[in-house]
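These are my notes on one protein model.

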Amino acid sequence: MNNQPRQLESIKPGNSRKRQRLTLQGEFALASMPTLVILTVLALVEILSRQRLLFASLASSAFLIYLDPQHGTNTVRTLVISQMLAAIIGLLTYLALGPGYLSAGSAMILTIVLMILLDVVHPPAVATSLSFALKAGNENNLVLFGLAVGIIATLVILERCALWILTHYSRH
């Protein structure tokens with residue numbers, strides 16, 4: 001029997017230990033999609049809600065996706081489950097304990113434990129749990145956040161396609 005600990009998929013690196021840089025033009029092209037997506041999400045939030053800080057962690061998610069779209073922390077499964085789990089936990093602790101240190105600390109600890117147990121480790125989700133625990137607003141913010149997470153999940157697919165195109169055509 002193998003006594004080696006099982007490596008969590010969500011923290012396993014992608015195809016290489018060190019990310020190979022693209023040309024400067026390629027890097028900016030790859031970084032432009034997360035930037036545009038986050039600006040779109042911010043505009044959507046501005047129109048539908050005033051809870052801008054609830055969505056700040058998604059900017060970190062988008063940048064991590066740009067940095068290494070192949071990494072286990074940036075899969076659609078990991079991103080969606082961890083971010084939504086964190087938002088729900090944050091909202092529930094806010095409703096149960098009110099805004100404050102106890103709510104935020106509880107949400108953060110629960111989020112970290114569940115991300116590890118479910119193998120969906122995505123570090124920006126910790127900030128999501130804190131944001132919702134400190135100022136959740138109402139349940140409509142959770143729905144809006146879910147839509148924003150869906151947009152970011154689409155970004156994962158777009159970034160992987162863009163990375164493939166940029167690396168495939170830069171070799172020829």
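How much accessible surface does the protein chain have, and what share of it belongs to carbon and sulfur atoms? I get about 9900 Å² for the protein chain, with 67% belonging to carbon and sulfur atoms; the method is Shrake-Rupley with a 1.4 Å probe.

I note that this is a predicted model, where local features need pLDDT of at least 70, side-chain atom pairs count only at pLDDT 80 or more, and totals for chains, interfaces and linings use all residues. Residues are numbered from 1 along each chain as its sequence is written, and side-chain values use heavy atoms, with hydrogens and water left out.

Next I looked up the fold. The protein chain has six helices and zero strands (DSSP runs, H or I of at least four residues for helices, E of at least two for strands).

Helix α2 (residues 56-67) packs with helix α5 (residues 124-134) at about 170°, axes 8 Å apart. That makes α2 roughly antiparallel to α5 (angles over 145 degrees). In α2, Ser57, Ser60, Ser61 and Leu64 meet Pro124, Ala127 and Thr128 of α5 (contact is heavy atoms within 4.5 Å).

Last came the cores (buried Ala, Val, Leu, Ile, Met, Phe, Trp, Tyr and Cys residues joined through side-chain atoms within 4.5 Å; buried is under 20% relative accessible area, 1.4 Å probe, protein chains only). The largest nonpolar core has 20 residues, and Phe55, Leu58, Phe132, Phe145 and Ile152 have the most contacts inside it. Helix α6 (139-170) gives the most to this core, with nine residues. A second, separate core has six residues, including Ala86 and Val120.

Notes. Axes fitted to C-alpha atoms, helices over the stretch in contact; angles between N-to-C directions. Parallel < 35°, antiparallel > 145°, perpendicular 65-115°, else oblique. Buried < 20%, exposed > 50% of the residue type's maximum accessible area, 1.4 Å probe, protein only.
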